[in-house]
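Have a look at the sequence and the fold first.

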Amino acid sequence: MRFEPTASRLWKRLPREERRLAAAAFLHEPVPELLASALSAIVRARHVRPQVARAMAPEEQAAALAGILDPGEALAGSLLVALHLGERRPLLAAFLDGLGLPHEDGVMKEEAEARTLEAAFVERTARELTGRFPAEQVELYFNVLLLQDPERWEPIRALSGPGSAQA
């Protein structure tokens, strides 16, 4: 697997349709602190006034946001998380179930944070997941986990092959 070291680089690597799905999920349940950044990015990309960007239909906003290859690190990270919390919850839930970590619909519960993960167990669960979901979706999810908490998810890095970018 090839892991990108930043959310911005990972965002740029995504196909446009994946970016559109992520943008639509983000705009459906926006992070209030980043919504202004998303609208500002649309304003700059489309050369429109802020009120025009705010008045766009959600699908048009998502398409515009998906076309922005460098939305900034914070916004790119939030877009990537939104993709998984929107379209990819079954993948998240399957991985956390496989690890035996308590979660609610793919979102880890607080008590899961304190549990230590054994590298061999994480690796085995990750490989099982790759058999159940498209490999590129699994790789993307693992990269997002590494970007969010590199220490906790360090065992995933072992899945990276030679010549891969290190997150």
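A salt bridge here means a side-chain nitrogen of Lys or Arg within 4 Å of a carboxyl oxygen of Asp or Glu. Keep in mind that this is a predicted model, where local features need pLDDT of at least 70, side-chain atom pairs count only at pLDDT 80 or more, and totals for chains, interfaces and linings use all residues. Residues are numbered from 1 along each chain as its sequence is written, and side-chain values use heavy atoms, with hydrogens and water left out.

Searching the whole structure turns up eleven salt bridges. Let's start with Glu4, whose side chain meets that of Arg13 in a salt bridge at 3.4 Å, N to O. Glu4 also pairs with Arg9, and there the closest N and O atoms are 3.2 Å apart.

Glu4 counts as buried because its relative accessibility is 2%. Arg9, at 43%, is partly exposed, and so is Arg13, at 32%.

Now follow Arg13 to its other partner: Glu139 forms a salt bridge with Arg13, with the closest N and O atoms 3.3 Å apart. This pair links distant parts of the chain, 126 residues apart: Glu139 sits in helix α10 (residues 135–148) and Arg13 in helix α1 (residues 7–13). Helices are DSSP runs (H or I, at least four residues), numbered from the N terminus. Glu139 is buried, with a relative accessible area of 18%.

Put together, salt bridges that share partners join Arg2, Glu4, Arg9, Arg13 and Glu139 into one network.

Methods. Buried < 20%, exposed > 50% of the residue type's maximum accessible area, 1.4 Å probe, protein only. Helix = DSSP H or I, 4+ residues; strand = E, 2+ residues; numbered from the N terminus.
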